[in-house]
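Subject: Structure handover

Dear colleague,

My notes on it come after.

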Amino acid sequence: MQKLYQKSELGFALAWIGVYVAGTSLADRLSEMAGTEKVFSFPFLLLLSLLTLGWVRKNNLLRKYGLCPTEIPPVKFMYYLPLLVPVTCNFWYGVRMNLSPAETALYVGSMLCVGFLEELIFRGFLFRAMCRDGMLSAIVVSSVTFGFGHIVNLLNGSGMGLIANLCQVCYATAAGFLFVILFYRGGSLLPCIVVHSAINAASVFADEAGRTAKTEIVTAMILTAVSILYALALLKTLPRAAKEERI
């Protein structure tokens with residue numbers, strides 16, 4: 001990986017995306033065949049998270065990829081309060097235990113790893129690799145690839161319906177835009193990782209029986225609007241000097 005990184009940061013990012021997507025899909029399928037939710041997925045995702053973090057730390061790239069606190073005061077981010085909207089969305093239509101305690105623990109552990117990996121890969125590796133050639137294109141590609149990457153949920157046996165999946169793609173793209181702006185203007189990936197992981201982990205407690213095509217569309221519209229408006233507000237209010245320093 002080191003040689004690939006030195007040769008092409010973009011190729012390095014795309015390689016990690018391929019490993020993550022293919023490995024996760026295979027691990028999820030094996031877990032489904034074993035009859036225990038995430039029993040293969042969690043070990044794979046944990047190992048991949050540790051390997052990725054170890055590589056970043058070993059090469060002194062923690063600050064480059066945002067695995068550090070932001071130097072900007074929380075008030076400039078509105079104390080991150082708008083992020084409570086997506087964090088709580090899985091509880092809007094009820095809460096229930098959908099899995100056994102053991103499977104719930106495996107699921108939550110997997111989703112925490114997913115939040116870390118997807119932020120580091122899409123917002124860290126891919127965005128940083130592309131921003132040298134153009135900030136706007138880097139923001140768009142990082143957001144869109146993250147959003148459309150969720151189309152895999154329609155194909156991997158997750159049971160997600162077409163409308164729900166399309167809604168997920170829409171608000172995931174908007175969330176990807178918000179997360180990349182948080183990183184771009186704040187210099188830290190930690191808020192993105194925390195929020196992303198929390199949203200994913202909370203999904204295991206969502207009451208799917210309370211969801212309909214209508215509620216999925218309404219939820220997607222709210223999450224998309226909040227994400228885009230918050231991102232645009234940050235672009236207007238965060239110090240421009242900080243923005244330029246982070247490039």
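The notes below cover the aromatic residues, a surface patch and two further contacts.

This is a predicted model, in which local features need pLDDT of at least 70 and side-chain atom pairs count only at pLDDT 80 or more, while totals for chains, interfaces and linings use all residues. Residues are numbered from 1 along each chain as its sequence is written, and side-chain values use heavy atoms, with hydrogens and water left out.

Aromatic residues

The structure holds twelve aromatic pairs. Rings of Phe, Tyr and Trp (its six-membered ring) pair if their centres lie within 6.5 Å; planes under 30 degrees apart count as stacked, over 60 as edge-to-face and the rest as tilted.

One of these pairs is Trp-16 with Phe-125, which is tilted, at 6.3 Å centre to centre and 45° between the planes. Trp-16 belongs to helix α2 and Phe-125 to helix α5 (residues 101-131), so the pair ties together parts that are 109 residues apart in sequence. Helices here are DSSP runs (H or I, at least four residues), numbered from the N terminus. Trp-16 is buried at 7% relative accessibility, and Phe-125 is buried at 1%. Buried means under 20% relative accessible area, exposed over 50%, and partly exposed in between (1.4 Å probe, protein chains only).

Phe-125 also pairs with Trp-55: the ring centres are 6.3 Å apart and the planes stand at 85°, so this pair is edge-to-face. It links distant parts of the chain, with Trp-55 in helix α3 (residues 41-58) and Phe-125 in helix α5, 70 residues apart. Trp-55 is buried, as is Phe-125. Trp-16, Trp-55 and Phe-125 are among the members of one aromatic cluster, together with Tyr-5, Phe-12 and Tyr-65.

Surface patch

Leu-26, Leu-30, Met-33, Val-39 and Phe-40 make up a nonpolar patch on the surface, with about 480 Å² of accessible area together. Such a patch joins nonpolar side chains (Val, Leu, Ile, Met, Phe, Trp, Tyr) within 5 Å, from residues with over 30% relative accessible area and no salt bridge (a side-chain nitrogen of Lys or Arg within 4 Å of a carboxyl oxygen of Asp or Glu). Areas come from the Shrake-Rupley method with a 1.4 Å probe. Leu-30 is in helix α2 (residues 9-34) and is partly exposed, at 34% relative accessible area.

Further contacts

Arg-123 lies over the face of Phe-146, 4.3 Å from the ring centre. For this, CZ of Arg must be within 6 Å of the ring centre and within 35 degrees of the ring normal.

Ala-213 is in helix α9 (residues 213-237) and is partly exposed at 39%. Its C-alpha atom is 7.0 Å from that of Ala-164, 49 residues apart along the chain.

Regards

Note on methods. Patch = residues over 30% accessible without salt bridge, like charges linked within 9 Å, V, L, I, M, F, W, Y side chains within 5 Å. Helix = DSSP H or I, 4+ residues; strand = E, 2+ residues; numbered from the N terminus.
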